[in-house]
Amino acid sequence: MGTRRPARLYQKKTGLHFVRVLLADSFDHSQKSECKRSLRTKDLTFARRMASVLNASLEGAPMSGRVSIVNDFFHHTVSTWTLPGG
């Protein structure tokens, strides 16, 4: 029996990990209801850590504030990483 994955953490068939954050209630179709962002890593341990940090940031945040929290998180972490090969 393995360890549980953090909430919002998923893995694509290619092995890359990404997070999925709900942005609005399912009945509110006036705005985008979810946000999927790549963590740009295949390392499960690192992906778990990043998802846990994001989950802690989103804990208790209202639905209306989640977009800015997710954008800030990825702007200051994932977007600054250089992928292999440039």
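A charge sits over a ring if NZ of Lys or CZ of Arg is within 6 Å of the ring centre and within 35 degrees of the ring normal. In this predicted model, the charged end of Lys-12 sits over the ring of Phe-18, 5.7 Å from its centre. Local features need pLDDT of at least 70 and side-chain atom pairs count only at pLDDT 80 or more, while totals for chains, interfaces and linings use all residues. Residues are numbered from 1 along each chain as its sequence is written, and side-chain values use heavy atoms, with hydrogens and water left out.

Tyr-10, at 29% relative accessibility, counts as partly exposed.

Rings of Phe, Tyr and Trp (its six-membered ring) pair if their centres lie within 6.5 Å; planes under 30 degrees apart count as stacked, over 60 as edge-to-face and the rest as tilted. This rule gives two aromatic pairs.

| Pair | Centre distance | Plane angle | Class |
|---|---|---|---|
| Tyr-10 and Phe-18 | 5.7 Å | 25° | stacked |
| Phe-73 and Phe-74 | 5.2 Å | 85° | edge-to-face |

Both Phe-73 and Phe-74 are buried.

Val-21 touches residues including Leu-54, Leu-58 and Val-70 (heavy atoms within 4.5 Å), not counting residues up to four places away in sequence.

Terms used:
Buried means under 20% relative accessible area, exposed over 50%, partly exposed in between (1.4 Å probe, protein chains only).
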